[in-house]
Amino acid sequence: MNARTEAAEAEPDAIARPPLIHELLLVAGLFLVCKSGRQLATGHTGEAFRNAHRVWDLERAVRLPGEGAVQSLLLHGDTLAHVANTYYATVHFPATAAFLVWLYLRRPAHYVWARRALAAVTAAALVLHLTFPLAPPRMLAAAHLVDTARVYGPSVYGPPRSDHLSNQFAAMPSLHFGWALMVAIGLIVATRSRWRWLWLLHPLLTLAVIVGTANQYWLDAIVATALLGHALAVVPLPHRTATTAGRGRNRLVPAEENVLVGVGR
């Protein structure tokens, strides 16, 4: 018993935490691929609008609620629309980056799991961006929606013809929602607070924002959820650690200690 405990305590935390430089390069590559990969799908305006009509008609056929019902809530005041646009423009990348940094520092094993899941869902999303260009509902005349970013600001997009920094026809699936959902799931799995389920408010608020600002369709979020579900089914959950159990260290817990920790809850 003492030999096993000493061996576990002698195991350095660095074994569970991947090398920092290696991870910085991987995560930076993930973000760069996300940005640059979208550029490959530019120049498909006609196909993007045809797909937009198909998505819009499919949503009406399956009786999904209209995106306009959510947007009408934002249009009660300029301030609310401005806040929603700001959330859309500023929260997506920083929240995901902060999530990964926190996991890397406090839950290394969960960090590797989350990074792999995010990479998988992002890669799948980029394939769809390339094969299924989709104009957002704010560009679709049949939707009769307001481009809230253009009217109320701030906007992360310029005119489609001159905007060379982003691909505005990469609506399907919604990485805004997919990443937000992964952040919530990751924090729920990696923590033990009774309040951890409140993290689901992040993807719910993100869903309201992306739909209400007419940047994405309901189906964009549904497809993102399906892709994330497949990614999580493929990427195995990490072994439970002492840190996850609230014991403070990032070492793996022996089987006997796992049982004791579970009994103490």
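Buried means under 20% relative accessible area, exposed over 50% and partly exposed in between, with a 1.4 Å probe and protein chains only. The model is predicted, so local features need pLDDT of at least 70 and side-chain atom pairs count only at pLDDT 80 or more, while totals for chains, interfaces and linings use all residues. Residues are numbered from 1 along each chain as its sequence is written, and side-chain values use heavy atoms, with hydrogens and water left out.

**View 1. Residues with positive phi in two loops.** R63 is not a glycine, yet has a positive phi of about 60°. R63 sits in the loop between α4 (45-61) and α5; helices are DSSP runs (H or I, at least four residues), numbered from the N terminus. With 76% relative accessibility, R63 counts as exposed. H144, also not a glycine, has a positive phi of about 55° and is placed in the loop between α8 and α9. The relative accessible area of H144 is 71%, so H144 is exposed. Most residues other than glycine have a negative phi, and most peptide bonds are trans.

View 2. The bond from G153 to P154 is cis, with omega near -10°. P154 belongs to the loop between α9 (148-152) and α10. The bond from M172 to P173 is cis as well, with omega near -5°, and P173 lies in the loop between α9 and α10.

**View 3. Packing of α6 on α11.** Helix α6 (residues 78-90) and helix α11 (residues 201-212) pack at about 115°, their axes 9 Å apart; axes are lines fitted to C-alpha atoms over the stretch in contact, and angles run from 0 to 180 degrees between N-to-C directions. That makes α6 roughly perpendicular to α11, a class that covers 65 to 115 degrees. In contact terms (heavy atoms within 4.5 Å), A84, Y87 and Y88 of α6 meet H202, L205, T206, V209 and I210 of α11.

**View 4. The largest nonpolar core.** A nonpolar core is a set of buried Ala, Val, Leu, Ile, Met, Phe, Trp, Tyr and Cys residues joined through side-chain atoms within 4.5 Å. The largest has 37 residues, and those with the most contacts inside it are F99, Y111, L118, F177, M182 and L207. Helices that each supply at least two residues of this core include α7 (92-106), α8 (108-131) and α10 (175-190). Apart from this core lies another, of 16 residues, among them L134, A143, A171 and A214.

Methods
Parallel < 35°, antiparallel > 145°, perpendicular 65-115°, else oblique.
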